[in-house]
Amino acid sequence: MGARELGLPMQVVSPHPQDLPAEVTIWEVGPRDGLQNEPETVPLEVKLEFLQRLTDAGLAVVEATSFVHPRWVPQLADAAELLARFEPAAGVRYPVLVPNMRGLERALDAGVTDIAVFASATETFAQRNLNRSLDEQFAMFEPVVGRAVQEGMAVRGYLSMCFGDPWEGPVPVAQVVSAGTRLLEMGCDQLSLGDTIGVATPGHVEALLKAFRLAGVPVDKLAVHFHDTYGQALANTYAALRQGVSTVDSSAGGLGGCPYAKSATGNLATEDLVWMLDGLGIEHGVDVDKLLETSVWMAEKLGRPSPSRVVRALSS
C-alpha cells in the first residue's frame, strides 16, 4: 500500500519554515553509488530499468554510472553499453563519475553532458582510493575539470571524508574547507560534501557549512551527501537545510556504501528524504509512490529488503 492509499503524509506543514529552502533538488545516486559495491553483478537490463523507473518517479538528477576502471569497480564495467542503450528524458540530468582524463574521454565519446570527479579531504583516503597524495589528486583532476569546462560540461566535485576518516579520525574543518575550495577554484560548479563513513552530527554539519560561508563560498555551490551509519543522516540533512543548502544526495531504497571504506554503510534513502521534505512543506518534484515501487522492485532484484525505514513502513 502506497502513501496515497494511506492518505499520507499527514504531517505536511504549510507554508514551510522561513529558515528552510522552498525547494530542494534531490541528487539521486542509486544507479552509481548505490550499486557500485554490490557483490553480485546486477544485469544491464535491471540497471536500465532502474534508471527509467527513477526518471518516471520525477527525479530531476539521476547519477547514471561511472567510468572508473573495471578492475576497481567491476559492477560498473558496463557503463559505455548502458549509456549507449539508455534513452535520456528531456530535462533530466544523468551525471557520470570520471576518475581521470581517460574517463573523461570515454564520457565525451558517450555524449555525456554532466560529470563528477571524486576527491578526498584526507591524505590516507586519497592514497587508498586514488593512489595519489592529497596534493597529487588535485594535480590529476585539474586538467580533467579544465577540459570538461572547455567542452561545456557541468562538473560536480565530490569531496569524501569531510567529517571523519576511518584511518585518521576526525577531520579538521579547515582542512575540508581548503580541499573543497580547491575543487571549486579549478572549475567545479558544485561541491558535494560527503560524510563517507556516516560519523557526522548536526552541530558538525553546521560548523562546516558556516566555515565554507566564511571562506566566501556561496551556499548554492554546496550539496551534502550523508551516510546513515549512526542513524544521523536525516538529522544532518535538516541541519544542512537550515544553513541554506538546497541540493541533497540520496539513494533510492538506501542502497550503497563505499568500496574503499568498509565502515561505510548505506546512503540516506531517497524515500526517507522525501518523507521529511513533505513534512516540511518543501517542494522536490518526486512521486513517492512510484519511488517506493521502484525500491521494492530493486530490493527484490537484489534479494534482500530495503534498509529505508519509509520503504519498510509503506510496503509492509
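Colleague: Where does Asn-131 lie?
Modeller: Start with the elements. Helices (H or I, at least four residues) and strands (E, at least two) are DSSP runs, numbered from the N terminus. Asn-131 sits in the loop between helix H5 (123–130) and helix H6 (134–150). A word on the source: this is a predicted model, where local features need pLDDT of at least 70 and side-chain atom pairs count only at pLDDT 80 or more, while totals for chains, interfaces and linings use all residues. Residues are numbered from 1 along each chain as its sequence is written, and side-chain values use heavy atoms, with hydrogens and water left out.

Colleague: Is Asn-131 buried or exposed?
Modeller: Learn the cut-offs first. Buried means under 20% relative accessible area, exposed over 50%, and partly exposed in between (1.4 Å probe, protein chains only). Asn-131 has a relative accessible area of 59%, so Asn-131 is exposed. Its phi is near 55 degrees, a positive value in a residue other than glycine.

Colleague: Which loop holds Met-161, and what is the phi of Met-161?
Modeller: Met-161 is in the loop between strand S6 (154–160) and strand S7 (164–165). Phi of Met-161 is near 55 degrees, again positive in a residue other than glycine. Met-161 is buried, at a relative accessible area of 0%.

Colleague: Now the sheet. In what order do the nine strands run?
Modeller: First, pairing. Two strands pair if DSSP finds at least two bridges between them. Here nine strands form an open sheet, in the order S2-S1-S11-S10-S9-S6-S5-S4-S3, and the pairing is parallel. Strand S2 (61–62) and strand S3 (65–66) are the edges, each pairing on one side only.

Colleague: How many bridges join S1 to S11?
Modeller: Four bridges join strand S1 (residues 25–28) to S11, in parallel. Ile-26 stands opposite Val-248 in S11. On the S10 side, strand S10 (residues 222–226) and strand S11 (residues 247–250) pair in the parallel sense over two bridges. Val-224 has Val-248 as its bridge partner, and His-225 has Asp-249.

Colleague: Which residues of S11 are on each side?
Modeller: In a regular strand the side chains alternate between the two faces of the sheet. In S11, Thr-247 and Asp-249 are on one side, with Val-248 and Ser-250 on the other. These four are all buried, and both faces of S11 are covered.

Colleague: How many aromatic pairs does the structure hold?
Modeller: Rings of Phe, Tyr and Trp (its six-membered ring) pair if their centres lie within 6.5 Å; planes under 30 degrees apart count as stacked, over 60 as edge-to-face and the rest as tilted. The structure holds five aromatic pairs. One of them is Phe-50 with Trp-297, a tilted pair at 6.4 Å centre to centre and 40 degrees between the planes. Phe-50 lies in helix H2 (residues 44–56) and Trp-297 in helix H11 (residues 288–302), so this pair ties together parts 247 residues apart in sequence. Both Phe-50 and Trp-297 are buried. Phe-118 and Tyr-158 have ring centres 5.9 Å apart and planes at 45 degrees, so that pair is tilted. It links distant parts of the chain: Phe-118 is in strand S5 (residues 114–120) and Tyr-158 in strand S6, 40 residues apart. Phe-118 and Tyr-158 are buried as well.

Colleague: How many disulfides does the structure hold?
Modeller: A disulfide is a pair of cysteine sulfur atoms within 2.5 Å. The structure holds zero.
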